[in-house]
Amino acid sequence: MAVINGSSREHGNTEALTQKALDNIQHTSFYLKNYKINPIDDLRHDAGGFVKVDDDYEELIKEILQYDVLIFATPVYWYGMSGIMKNFVDRFSQSLRDETLNFKKTMGDKKAYVITVGGDHPRIKALPLIQQFQYIFDFLGTEFVGYLIGEANAPEEILADSKSLGDAKSFKTALWKHTEK
């Protein structure tokens, strides 16, 4: 299981909620802020396709594709995913053209979850983010198993949100069921 963490804050609320949801579940975390992922130069319709980019994306995506279960963890930023998560996802277009990855088929064999935290009515305002991931997973053929939305703003505020912590326990139970198969 791989956690793709799109937070730009070290030890933020999204990471804390993710840790609660994954407590005692073996996983590997990839913190996108620790990688250089350049914005996409969209050449998908050019005959030559994409040119090699001098950053960490190709190595990172190859590593992540080794996992069967992917958890996309991102704070809600302006009603969507964080900028660094969006850069990462935008580069999927490049992966689709990379014949060595067989990206769409490989992603079609995976299960995906989303964990997000926002500060102002996120159970409503984060729904566009959840829907965006649903469309991404639908396009790739990835099974979207579930999501967890937490409410917090200031550092460590999530740890006082009993609803989010209870939801994290339920999420963990569902996650266990899907990872044991």
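A charge is taken to sit over a ring if NZ of Lys or CZ of Arg is within 6 Å of the ring centre and within 35 degrees of the ring normal. In this predicted model, K104 and F139 provide such a case, with the charged end of K104 placed over the ring of F139 at 4.0 Å from its centre.

Aromatic pairs were examined next, and a search of the whole structure returns ten of them. One of these joins F72 and F137, whose ring centres are 5.4 Å apart; the pair is tilted because the planes meet at 50 degrees, and planes under 30 degrees apart would count as stacked, those over 60 as edge-to-face. F72 belongs to strand β3 (residues 69-75) and F137 to helix α7 (residues 127-140), so the pair ties together parts that lie 65 residues apart in sequence. F72 is buried, at 1% relative accessibility, and F137 is buried too, at 0%. Both rings are part of one aromatic cluster, formed by F72, F133, F137, F144 and Y147.

F72 also features in the packing of nonpolar side chains. The largest nonpolar core has 32 residues, and those touching the most other members are F72, M85, F88, F92 and F133. Among the elements giving two or more residues to this core are β1 (2-5), α2 (57-64), β3 and β5 (143-151), while α7 gives the most, with six residues. Leaving aside residues up to four places away in sequence, the contacts of F72 include I4, M85, F88, Y113, I115, F133 and F137. Apart from this core lies another, of 18 residues, including M1, L17, A168 and F171.

Notes. Residues are numbered from 1 along each chain as its sequence is written. This is a predicted model: local features need pLDDT of at least 70, side-chain atom pairs count only at pLDDT 80 or more; totals for chains, interfaces and linings use all residues. Side-chain values use heavy atoms; hydrogens and water are left out. Rings of Phe, Tyr and Trp (its six-membered ring) pair if their centres lie within 6.5 Å; planes under 30 degrees apart count as stacked, over 60 as edge-to-face and the rest as tilted. Helices (H or I, at least four residues) and strands (E, at least two) are DSSP runs, numbered from the N terminus. Buried means under 20% relative accessible area, exposed over 50%, partly exposed in between (1.4 Å probe, protein chains only). A nonpolar core is a set of buried Ala, Val, Leu, Ile, Met, Phe, Trp, Tyr and Cys residues joined through side-chain atoms within 4.5 Å. Contact means heavy atoms within 4.5 Å.
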